[in-house]
Amino acid sequence: MSTTRPYSPGDRGPEPGAGGASGASGGGASREGAIAEGVPEGAPASAPVSAPAVGGQTRRMSFEGESGVVPLARDFTRQALYAWGWLPADNADQRAAAEDVLLVVSELVTNACLHAEGPDELWIACDNKVLRIEVSDRGSGQPAPRTPHRAGRPGGHGMFIVQRLCLDWGVIRKPGVAGKTVWAEVGGPGAPQG
């Protein structure tokens, strides 16, 4: 399913007066300037990234001035999965859920590199049941699975993979602002997938 709307289904957006920092998990940044954990202080309440559920955790990575962004994004996400208890995996369901998250991050960041002048930021939020991934970029295109999907054809599988692995995904655009945020939600271990 692909949609363009302000927030995902069932998500009412940021809570009024949240100031963008509600529910964030803190922690030290492993690379100065490139990775900032938690929601940045002073982030506008109208930011397209939704606030996680109560008790949820959020991490943000800026790609400004970075190269090799796909492996950087995967490493950043893997660190978050360890911090949030998705890794190390205790069973096959947990391992599959973590691998799905890493693959979706790779696909969304790769798409931003190939089709949208590169990614600006990666946001991930976890509420123990659903992990939400958001990749913002400056591109004007609309991501969509290639149709008809041809498994044997090289390339063009990214959004098909995202669609198959995720509970839901979509695009957020802000009027008058260049670029977009592509979001995807992956169910936690044992949750039914899309």
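Contact is taken here to mean heavy atoms within 4.5 Å. On this basis, among contacts in the protein chain of the predicted model between residues at least 6 apart in sequence, 64% join residues at least 24 apart. Of the 194 residues in the protein chain, 44% are buried. The chain contains three helices and six strands, and their order along the sequence follows the pattern β-β-α-α-β-β-α-β-β.

Two packed helices are described by the angle between their axes and the distance between the axes. For helix H1 (residues 69-83) and H2, the axes come within 9 Å and cross at roughly 150 degrees. Because angles over 145 degrees count as roughly antiparallel, H1 is roughly antiparallel to H2. The crossing of the two helices is right-handed. On the H1 side, the contact involves Val69, Val70, Ala73, Arg74, Thr77, Arg78 and Leu81; these residues meet Ala98, Val101, Leu102, Leu103, Val105, Ser106, Val109, Thr110 and Cys113 of H2. By residue class, the contact of H1 with H2 comprises eleven nonpolar, three polar and two charged residues.

Helix H3 spans residues 158-165, and Gly158, Met159, Val162 and Leu165 are buried within this element. These residues lie on the same side of H3, because the arc they cover around the axis is only 130 degrees. The packing partners of the buried H3 residues are helix H2 (92-115), strand S5 (168-172) and strand S6 (180-187).

Definitions and conventions:
Residues numbered from 1 in each chain as written. Predicted model: local features only at pLDDT ≥ 70, side-chain atom pairs only at ≥ 80, totals over all residues. Heavy atoms only, no water. Buried < 20%, exposed > 50% of the residue type's maximum accessible area, 1.4 Å probe, protein only. Helix = DSSP H or I, 4+ residues; strand = E, 2+ residues; numbered from the N terminus. Arc of directions from axis to C-beta. Axes fitted to C-alpha atoms, helices over the stretch in contact; angles between N-to-C directions. Parallel < 35°, antiparallel > 145°, perpendicular 65-115°, else oblique. Left-handed = near helix turned anticlockwise from the far one by under 90°. Nonpolar A, V, L, I, M, F, W, Y, C, P; charged D, E, K, R; others polar.
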